[in-house]
Amino acid sequence: MRREFAFYSATLTKFSSQSSAEIFGELAQKNDFGFNKQQINAWLTQIDVLKDQLVGILDGHIHFEFIIPRMGKRADCVIVLAGVVFVLEFKVNSDNFDRYAIDQAHDYALDLKNFHRGSHNAAIVPVLVATKSAAIAADVTFAADQVAAPLQTGSAGVRVAIESVLAISNTPNLDPDQWVESGYQPTPTIIEAAQALYQNHDVQAIARSDAGAKNLQATDTLIAEIIERSKTIGRKSICFITGVPGAGKTLAGLNIAAKRASEHADEHAVFLSGNGPLVNVLREALARDQSNREGIKKKDAQRKVRAFVQNIHHFRDEYLQDPNVPIEKVVVFDEAQRAWTKEQASKFMQTKRGHASFSQSEPEFLISVMDRHSDWCTIVCLIGGGQEINTGEAGLLEWLTALQDRFHDWDVHASALLDDPHYTVAPEAVRLLRTDRVTKHPNLHLSISMRSFRAEQLSAFVGAVLDGNAEDAKQLFTELRARYPIWLTRDLKRARGWLRAVSRGSERFGLVASSGAGRLRPEGIHIKSSIDPESWFLNDRIDVRSSYYLEDVATEFDIQGLELDWVGVCWDANLRYGPSDWESHAFRGTKWQNVRTGEKKLYLTNAYRVLLTRARQGMVIFVPEGDDLDLTRPKEFYDGTYEFLKRCGLPITEPSAIEPAEPRD
């Protein structure tokens with residue numbers, strides 16, 4: 001973190017000696033966003049309040065308009081004093097404390113605790129100042145991670161709030177210079193990342209930069225080199241990027257599309273995904289954000305957004321009708337392993353689109369569209385491990401087969417781990433990947449989860465659970481539990497209570513369940529009742545359609561590629577642990593049926609893999625008790641799963657006092 005992360009930074013001694021006009025001048029010099037009377041008044045009021053309230057307090061540092069990179073916002077004021085970081089948000093000329101403002105102040109404090117290295121061991125105190133209020137806040141409550149509940153005070157109570165905190169704080173004194181230089185390592189949600197990239201922010205400003213987080217920047221650089229080489233020598237190229245769940249594949253893809261669209265407009269780079277909920281949520285989030293920032297109508301913003309993020313099926317249908325060369329020179333396909341097989345694509349095209357002669361897999365058709373270019377183009381395929389969850393999803397083989405059989409002059413670049421069993425299980429795909437035609441690159445694999453910033457071993461833990469390896473799962477959970485809590489319960493009410501209690505600020509929580517969870521209905525969970533993804537993922541706590549209400553449940557199809565801070569996973573009897581291993585079932589009519597085909601078993605296992613890797617900070621797993629009077633859900637259908645998860649080390653007694661996990665190192 002460097003000085004330029006704030007518009008004004010100074011010791012409190014210097015701040016007290018400068019005039020308000022001088023301080024305002026420094027703020028104004030750093031401001032690139034224009035002025036209005038409201039902004040000028042806000043700064044002058046904040047300066048005057050703090051000059052009055054900080055008289056005689058000279059040992060700390062103060063930062064105005066302190067930039068919070070992950071959120072793309074600026075905190076009004078940050079004061080580093082003794083062992084405490086105070087985050088002050090002002091509501092100038094207001095005498096009330098609304099929920100949004102309280103959550104915003106809390107969010108800034110949590111962001112510093114989790115992502116700013118110098119703040120990991122500090123006490124963080126958010127303070128909301130309504131300048132016209134007479135409130136005085138003296139009662140301070142700290143959570144286990146030393147982030148205080150937001151204090152609410154009027155202008156005259158700022159000093160009282162600061163002194164009350166200092167009187168009880170026992171965190172070691174901070175070196176203000178070391179604190180500000182210590183480094184900020186954010187891990188944004190995919191929605192936050194998309195918003196930042198859409199505003200032409202550099203990926204380095206919004207993503208972790210520590211050496212342990214596998215080289216998003218190196219991947220970006222390598223893809224740029226491949227594109228430039230293809231353009232220079234007139235070649236067509238295809239790149240396969242792999243990554244563990246949450247490693248940043250979608251972030252990498254969005255970054256590639258955004259940078260090429262910004263810096264090389266003639267390439268018309270586009271991000272394509274067959275994940276309808278992901279596309280809809282990203283488009284809605286980007287449109288809302290642009291509408292709010294630029295004051296334009298949301299409909300106008302939505303039209304612009306559609307050119308950046310598109311549904312792959314709309315892209316396919318457009319060029320099915322249009323035989324011309326596509327305008328796009330660079331296309332990024334998200335979750336490319338989920339593209340349809342020849343059988344699925346042909347069936348759909350013949351029955352739903354009226355193309356009786358269509359007989360190609362989706363990968364073959366998509367490559368053929370880009371192959372219409374006479375000079376160069378680049379396709380970037382993002383490949384997730386264990387993510388195929390639906391009938392007809394091709395995996396990697398169809399892409400490789402199309403390249404082998406039809407597109408002999410394409411250059412093929414692949415992750416060095418693409419032939420690993422986590423990314424392809426087809427022997428023929430492995431054989432094709434090991435030919436001389438494929439150039440392998442270590443930097444096309446993203447190995448560290450960035451979604452779960454507290455738990456880089458979450459993916460391995462979930463893998464061990466679903467492999468039926470309780471011993472390995474227990475060992476992995478022992479290592480991650482301090483930073484990533486997972487609780488096991490048989491009481492849905494307690495699960496909901498835990499989610500509500502552990503969430504702070506605007507941290508988002510919700511319930512998820514498998515689309516095949518047909519007998520959770522007696523628990524009040526109706527998987528057949530579809531959610532509205534945009535409302536569920538984006539709307540606030542007062543909207544009954546939002547995830548916060550814990551009424552509507554998202555399935556693997558709704559949430560794949562997206563994430564929440566805290567998740568309640570509702571486990572039904574479709575995947576149940578038997579005498580020695582997992583058993584797969586499907587509820588049909590009035591009874592459960594065995595799932596016998598390997599493909600369908602894989603889809604069911606992957607559905608739970610998706611559900612168990614959606615939480616950034618922690619989760620609770622709810623396994624129903626069952627009811628022996630109900631033949632569709634006797635206790636034995638659930639007890640095996642519950643006992644196996646206990647063997648994996650999951651604690652079964654919810655904490656009496658909710659405590660957040662430790663901050664990431």
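Leu-499 touches Phe-509, Gly-510, Leu-511, Leu-550, Trp-566, Val-567, Gly-568 and Val-620, leaving aside residues up to four places away in sequence, where a contact means heavy atoms within 4.5 Å. The model is a predicted one, in which local features need pLDDT of at least 70 and side-chain atom pairs count only at pLDDT 80 or more, while totals for chains, interfaces and linings use all residues. Residues are numbered from 1 along each chain as its sequence is written, and side-chain values use heavy atoms, with hydrogens and water left out.

**Confidence**

- The mean pLDDT of the chain is 88, and 91% of its residues reach 70 or more; pLDDT is the predictor's confidence in each residue, on a scale from 0 to 100.
- Over residues 209–214 the pLDDT is below 50, and this stretch has 14 contacts in the model beyond near neighbours in sequence.
- Where pLDDT is low, the predicted coordinates should not be read in detail.

- Leu-499 lies in helix H20 (residues 492–502); helices (H or I, at least four residues) and strands (E, at least two) are DSSP runs, numbered from the N terminus.
- With a relative accessible area of 0%, Leu-499 is buried, a term that stands for under 20% relative accessible area, with exposed meaning over 50% and partly exposed in between (1.4 Å probe, protein chains only).
- Val-620, one of the residues that Leu-499 touches, is 121 residues apart from it along the chain, yet the two C-alpha atoms are separated by 7.8 Å.
- Leu-550, also among the contacts of Leu-499, lies in the loop between helix H21 (533–538) and strand S17 (553–554).
- Leu-550 is buried at a relative accessible area of 1%, and it has a positive phi of about 60° although it is not a glycine.

**Other positive phi values**

- Gln-146, in the loop between strand S5 (123–130) and strand S6 (151–153), has a phi near 70°, a positive value in a residue other than glycine.
- At 23% relative accessibility, Gln-146 counts as partly exposed.
- Gly-468, which follows helix H18, has a positive phi near 75°.

**Helix H18**

- Seven of the nine residues of helix H18 (residues 458–466) are buried, so this helix is largely enclosed by the rest of the structure.
- The buried residues of H18 are Leu-458, Phe-461, Val-462, Gly-463, Ala-464, Val-465 and Leu-466.

**Cysteines**

- The structure holds zero disulfides, a disulfide being a pair of cysteine sulfur atoms within 2.5 Å.
- Cys-239 is in no disulfide, and the nearest cysteine sulfur, that of Cys-381, is 8.5 Å away, which is too far for a bond.
- Cys-239 is buried, with a relative accessible area of 0%, and Cys-381 likewise counts as buried at 0% relative accessibility.

**Second largest cavity**

- There are four cavities of 30 Å³ or more; on a 1 Å grid over the protein atoms alone, a cavity is a set of points where a 1.4 Å probe fits but cannot get out, and lining residues have an atom within 4 Å of a point.
- The second largest cavity has a volume of about 70 Å³, where grid points are joined across faces, edges and corners and a volume is the space filled by probe spheres set on the points.
- Its lining consists of Leu-400, Leu-403, Gln-404, Val-412, Leu-432, Thr-435, Arg-437 and Val-438, and helix H16 (residues 397–405) gives the most to it, with three residues.
- By class, the lining of this cavity has five nonpolar, two polar and one charged residues, where Ala, Val, Leu, Ile, Met, Phe, Trp, Tyr, Cys and Pro count as nonpolar, Asp, Glu, Lys and Arg as charged, and the others, Gly among them, as polar.

Conventions:
1 Å grid on protein atoms, 1.4 Å probe; cavity = no way out; pocket = protein on both sides within 12 Å on 5 of 7 lines; lining within 4 Å.
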